[in-house]
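The following questions and answers examine a single protein model.

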Amino acid sequence: MANLSHPSEFILLGFSPLGELQILLYGPFLVLYLLAFIGNTVIIITIFVDTHLHTPMYFFLGNFSLLEILVTMTAVPRMLSDLLAPHKVISFTGCMVQFYFYFSLGSTSFLILSDMALDRFVAICHPLHYGTLMSGAVCAQLAGAAWATPFLAMVPTVFSRVHLNYCHGNVINHFFCDNAPLLQLSCSDTRLLGSWDLVMALAFVLSSFLVTLVSYGYIVSTVLRLPSASGRQKAFSTCGSHLTLVFIGYSSTIFLYVRPGKAHSAEVNKTVALVTSVLTPFLNPFILTLRNETFKAVLRGQMQRLKGLLQVS
């Protein structure tokens, strides 16, 4: 290319070190991606069509499932096509667009997780005021803020990447346009960008994690004071799936983006990113439904209705 300070395209190294063996990854990754897409879509449709699930908890759950679909769509289809492509090239504009949507949607998912924690906090700690504190308008405002804020905050982040000088080549050692390998190609002074990235991490990841921790601190304190053992078990059961999502989501993201980028090798970062992009969205529908008796009962009812319609036709 004539001008590497602003390349027209990037080369995504992906799993090229595996050579021809990377083709063997295509089948398993495709199956996981399709199952993740189908599983989260089933959750969204079930919540939408059944009025019994038109509650704040399932409203936020539907938002989270939609985010799981969208986040994987920003990186996984491209990764799958690159596994079979001899030349893994992405345009400069395509890279910036992927960067923007991946991190905007990812940040939104953490804010939705904190909204889910607030919902459980109000339901368990202030049940008499639940209908007022978590009204439809309040839920819409919480979800709207969770969606809008990261998309607005990521605009200056993307523009800063657009105006960097990329004079260390155009090969990104990753399967998508991740932040750290992109900055490694730049010969510009990125110290200010590092500070901004830390502010973004504190604003969206650590702050939402703190809200979740505080909410569950109050929840645990309230549940332990319940006189009934069955009541305590039911309360913890409704929160168990959400806590599992919190642990998986925050642990991997803090590992990748809150700690310094130099703390891990590129291969370790790719492996963790692969888990969060492919494996976690596949597991989440099972985590969200297996311990939720209400959702399972509704899903069984919907399946029986669908079976009856098919038999009639």
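Q: How many helices and strands does the protein have?
A: The model is predicted, so local features need pLDDT of at least 70 and side-chain atom pairs count only at pLDDT 80 or more, while totals for chains, interfaces and linings use all residues. Residues are numbered from 1 along each chain as its sequence is written, and side-chain values use heavy atoms, with hydrogens and water left out. Helices (H or I, at least four residues) and strands (E, at least two) are DSSP runs numbered from the N terminus. From that end the elements run β-α-α-β-α-α-α-β-α-α-α-α-α, and the totals are 10 helices and 3 strands.

Q: What percentage of the 313 residues count as buried?
A: A residue is buried under 20% relative accessible area, exposed over 50% and partly exposed in between (1.4 Å probe, protein chains only). By that criterion, the buried share of the 313 residues is 45%.

Q: What is the helix content of residues 58-79 and of residues 198-219?
A: The unreviewed UniProt entry places the feature "transmembrane region" at several spans, including 58-79 and 198-219; UniProt positions are given in the numbering used here, feature names are shortened, and annotations may be inferred rather than shown by experiment. The end C-alpha atoms are 31 Å apart for residues 58-79 and 30 Å apart for residues 198-219.

Q: Which element gives the most to the lining of the largest pocket?
A: On a 1 Å grid over the protein atoms alone, a pocket is an open set of points with protein on both sides within 12 Å along at least five of seven lines, whereas a cavity is a set where a 1.4 Å probe fits but cannot get out; lining residues have an atom within 4 Å of a point. Grid points are joined across faces, edges and corners, and a volume is the space filled by probe spheres set on the points. The largest pocket holds about 1,200 Å³, and of its 45 lining residues the closest to the centre are F103, N179, L256, Y257 and V258. Elements giving two or more residues include α2 (56-84), α5 (136-162) and α9 (266-290), but the most, 8 residues, come from α3.

Q: How do the residues of the lining of the largest pocket divide by class?
A: Ala, Val, Leu, Ile, Met, Phe, Trp, Tyr, Cys and Pro count as nonpolar, Asp, Glu, Lys and Arg as charged, and the others, Gly among them, as polar. The division is 21 nonpolar, 18 polar and 6 charged.

Q: Is N179 buried or exposed?
A: N179 is found in helix α6. Its C-alpha atom lies 9.3 Å from that of D197, a residue 18 positions away in sequence. With a relative accessible area of 13%, N179 is buried.

Q: Which residues line the largest cavity?
A: The structure holds 1 cavity of 30 Å³ or more, and about 50 Å³ of space lies in the largest cavity. By class, its lining has 4 nonpolar, 2 polar and 2 charged residues. These are G14, F15, Q22, M79, D82, L83, K88 and F175.

Q: Why is the pair of Y102 and F103 edge-to-face?
A: Rings of Phe, Tyr and Trp (its six-membered ring) pair if their centres lie within 6.5 Å; planes under 30 degrees apart count as stacked, over 60 as edge-to-face and the rest as tilted. The count comes to 18 aromatic pairs. The ring centres of Y102 and F103 are 5.3 Å apart and their planes stand at 80°, so this pair is edge-to-face.

Q: Which helices hold F209 and Y250?
A: F209 and Y250 form a tilted aromatic pair, 4.8 Å centre to centre with 40° between the planes. F209 is partly exposed at 24% relative accessible area, whereas Y250 is buried at 2%. The pair links distant parts of the chain, 41 residues apart: F209 lies in helix α7 (residues 191-224) and Y250 in helix α8 (residues 229-258).
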